[in-house]
Structures are given as C-alpha cells and as structure tokens.
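This report covers one predicted model.

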Amino acid sequence: MKPYKVLGVYEPVPFSPEWPWWRAWQIGKDLVALTAEAGLRPHVDPAHGPLDVSWSSVPLHAEVRRTTTFGKGGDEWHQDGDTTPGSRMDCGMVLWTHICPTLLKDRAGKVYQPSPYEVVLFSNLEVWHRRPDDAPKHRFIFRQRVKRCE
C-alpha cells in the first residue's frame, strides 16, 4: 500500500494567451482551496514555517516555488522540521509538482514517486521525502503542512 493519498490531479491553466506559463500565486490559491475542500487545515509551527519563495502564506502554512536551490537539504531524505529545533513535526504534508515529483520513502525503505500533477498527502512522521536526482532547476512545487488527520 502506498504511504500517501492522492487528493486529486491539478494541472494549472496558463495565466493568459500572452503569458502561456503559470503564476505561483495562482497555483497556491488553487491548491490551498483544494486542501480546504478536502477538510484539511493549516498546521501551526512558528519554528518551521513556509519558506519565503515565489509565493507563500504563513497563515496557510503553504508555499509555491518555481526554482530549485540545490545543496540546501532537499537532496537528502528528510522530514520537514527535522533540523529545526522546536519544530512541531507531527503533521500532514501536501505536495504537488508538475514534473519530477518528490520521492517518498516509507518506514520499510520502499521508495515511491507520485505521478506528475498529482496532489498527495502523507504523514510527515511516517514518510521521508527528497528531491529526485534528475529534478530540473525550474519546476513548480507546492508544499503545505496541515494538521494531522486522525
């Protein structure tokens, strides 16, 4: 059984015919609406909040990145908050990428990779994640930490 649940498939609509690419704020707005519709609520963790990237929201504990910064920890297996003293790691993680989705590893060491455009939910304490080795520098990534579902 996969260690994650697919909440849906999300493919952004280009911003306009003149700008045939996506906007980080639109992806963030759409995906936090999807998580809210799924009944998920933002996780509160002042010690390890969202990163200041292309789009982020502290109250929603969500972010969208357009570019990848290599060598900053995402290359290694980790759980969000595992290197942040005082972080509240007991939460759910919602991830989405349009290409090269994040790798997920369960407690048994089995590695999974969602399909592109899938919005996935998993337990931050049960699953480790990392960026794939072949991930390009430019890829849209959505991350939201949510309250743990009982």
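## A histidine in a loop

His43 sits in the loop between α1 and β2; helices (H or I, at least four residues) and strands (E, at least two) are DSSP runs, numbered from the N terminus. With a relative accessibility of 4%, His43 is classed as buried. Buried means under 20% relative accessible area, exposed over 50%, and partly exposed in between (1.4 Å probe, protein chains only).

Leaving out residues up to four places away in sequence, His43 is in contact with His61, Arg88, Asp90, Cys91, Arg145, Val146 and Lys147. Contact means heavy atoms within 4.5 Å.

## Basis of the values

This is a predicted model, in which local features need pLDDT of at least 70 and side-chain atom pairs count only at pLDDT 80 or more, while totals for chains, interfaces and linings use all residues. Residues are numbered from 1 along each chain as its sequence is written, and side-chain values use heavy atoms, with hydrogens and water left out.

## Positive phi angles

Most residues other than glycine have a negative phi. His61, one of the contacts of His43, has a positive phi near 45° and is not a glycine. His61 belongs to the loop between β2 (55-57) and β3 (62-67), and its relative accessibility of 2% makes it buried.

Cys100 also has a positive phi, about 50°, without being a glycine. Its place is the loop between β4 (92-97) and β5 (103-105). Cys100 is buried, at 18% relative accessibility. A glycine, Gly39, follows α1 and has a positive phi near 85°.

## Helix α1

The 14 residues of α1 should span 20 Å at 1.5 Å a residue, and the end C-alpha atoms are 20 Å apart, which agrees. The expected span is 1.5 Å times one less than the number of residues.

Which residues of α1 are buried? They are Ala24, Ile27, Gly28, Leu31, Val32, Leu34 and Thr35. Seen down the helix axis, these buried residues fall within an arc of 155°, so they line one face of α1; the arc is that of the directions from the axis to the C-beta atoms. An α-helix has 3.6 residues a turn, so residues three or four places apart point the same way. Lys29 and Glu37, on the other side of α1, are exposed. The cover over the buried residues of α1 includes β1 (5-9), β2, β3, β4, β7 (118-123) and β9.

## Salt bridges

How many salt bridges does a search of the whole structure find? The search finds 6, a salt bridge being a side-chain nitrogen of Lys or Arg within 4 Å of a carboxyl oxygen of Asp or Glu. One of them joins the side chains of Asp45 and Arg145 at 3.1 Å, N to O. Asp45 is in the loop between α1 (24-37) and β2, and Arg145 is in strand β9 (residues 138-146), so the pair ties together parts 100 residues apart in sequence. Asp45 and Arg145 are both buried.

Glu63 and Arg143 form a salt bridge at 2.8 Å, N to O. Glu63 lies in strand β3 and Arg143 in strand β9, so this pair ties together parts that are 80 residues apart in sequence. In another salt bridge, the closest N and O atoms of Asp133 and Arg130 are 3.1 Å apart. Asp133 is exposed, at 69% relative accessible area, whereas Arg130 is buried, at 13%.
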